[in-house]
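Colleague: I have just opened this model and would appreciate a guided tour. Could we look at it together?

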Amino acid sequence: MMSHVELGLMVGRMVAAPAPEVLTRALRSAEIHIKEEAPSAFSLTFQAARTLSQQDVDLLLLPLLQPFNRIIVTVSILGVPTVLMDGFITKQHLARGEGSQPDTLVVSGLDVSAAMNLEEKSEPWPSMADFEIAALILAEYAMYGVVPMVMPTPISFSNLPLEVTIQQSGTDFSFLRELAGRHGYLFRILPGPVPGTNTAYFGP
């Protein structure tokens, strides 16, 4: 059965496409760390010598794995893909091998929710329920394939439109978690269900 399990890799600047063979052939290991309180993280290790020519390393491996490039990791079982990670490279490290050990290139990064953590904002949201605010904020990240799954909140703090203004202070990621927490809700980014999309869950 395990012979029907296949790891898939996609890479690109904003929109990720299937990685060239030279890149998938160089992949040696993949680590994915799922977190609930912060963006999930990944680390990919590539062999950068011996099986690859120096031209492959310089012209393909290094440019494709530059910081801020998007990485999607999938696993296919009997031909059905499941998205394990959709995120952005934040670090690239080339380690020279010693003795018989080959050079390796290690790239690490965070899931697409990291894009929601880049900018501190101070913004009023008047006359709106918390779930409506969440839906509007998430719509700004459609470019990353983010699909909102926002559940109505049981209590609205905006029944008096002229009297209630909710003030955002901090990043979109922290603010969405704050809004969710006020109702005993969760806010999470889940990769998939298909490559290139991410489900933004705001609900119980």
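Colleague: Which residue of strand 7 is the bridge partner of Leu-44?

Modeller: In strand 7, Leu-44 has Val-107 as its bridge partner. Strands here are DSSP runs of E with at least two residues, and helices are runs of H or I with at least four, both numbered from the N terminus.

Colleague: Before we go on, what sort of model is this?

Modeller: It is a predicted model, in which local features need pLDDT of at least 70 and side-chain atom pairs count only at pLDDT 80 or more, while totals for chains, interfaces and linings use all residues. Residues are numbered from 1 along each chain as its sequence is written, and side-chain values use heavy atoms, leaving out hydrogens and water.

Colleague: Back to strand 4, then. How many bridges does it form with strand 7?

Modeller: Seven bridges link strand 4 (residues 41-47) with strand 7 (residues 104-111), and the two pair in the antiparallel sense. For Gln-47, the bridge partner in strand 7 is Thr-104. Two strands are said to pair if DSSP finds at least two bridges between them.

Colleague: And how many bridges are there between strand 3 and strand 4?

Modeller: Strand 3 and strand 4 are also antiparallel, with six bridges. There, Ser-29 has Thr-45 of strand 4 as its bridge partner.

Colleague: Is strand 4 enclosed or open to the outside?

Modeller: Seven of its seven residues are buried, so strand 4 is largely enclosed by the rest of the structure. Buried means under 20% relative accessible area, against over 50% for exposed and in between for partly exposed (1.4 Å probe, protein chains only). Ala-41, Ser-43, Thr-45 and Gln-47 are buried on one face, and Phe-42, Leu-44 and Phe-46 on the other.

Colleague: In what order do the strands of that sheet lie?

Modeller: The order is 2-1-5-6-7-4-3, an open sheet of seven strands with antiparallel pairing. Strand 2 (17-18) and strand 3 (27-33) are at the edges with a single partner strand each, so one side of each has no neighbour in the sheet.

Colleague: Let us change topic. What is the order of the three-stranded sheet?

Modeller: That open sheet has the order 9-12-11, with mixed pairing. Strand 9 (146-150) and strand 11 (186-191) are its edge strands, each pairing on one side only. From one strand to the next, the twist averages 20°.

Colleague: How do strand 11 and strand 12 run?

Modeller: They run antiparallel, and six bridges join strand 11 to strand 12 (residues 198-203). Arg-188 stands opposite Tyr-201 of strand 12.

Colleague: Which strands does helix 3 touch?

Modeller: Helix 3 (residues 130-139) packs on the sheet and touches strand 9, strand 11 and strand 12, its direction making about 175° with that of strand 9. Helix 4 (residues 172-181) packs on the sheet as well, touching strand 11 and strand 12, at about 125° to the direction of strand 11. Axes are lines fitted to C-alpha atoms, for helices over the stretch in contact (heavy atoms within 4.5 Å), and angles run from 0 to 180 degrees between N-to-C directions.

Colleague: Finally, how many helices and strands does the protein chain have?

Modeller: The protein chain has four helices and twelve strands. Its residues number 204, and 43% of them count as buried.
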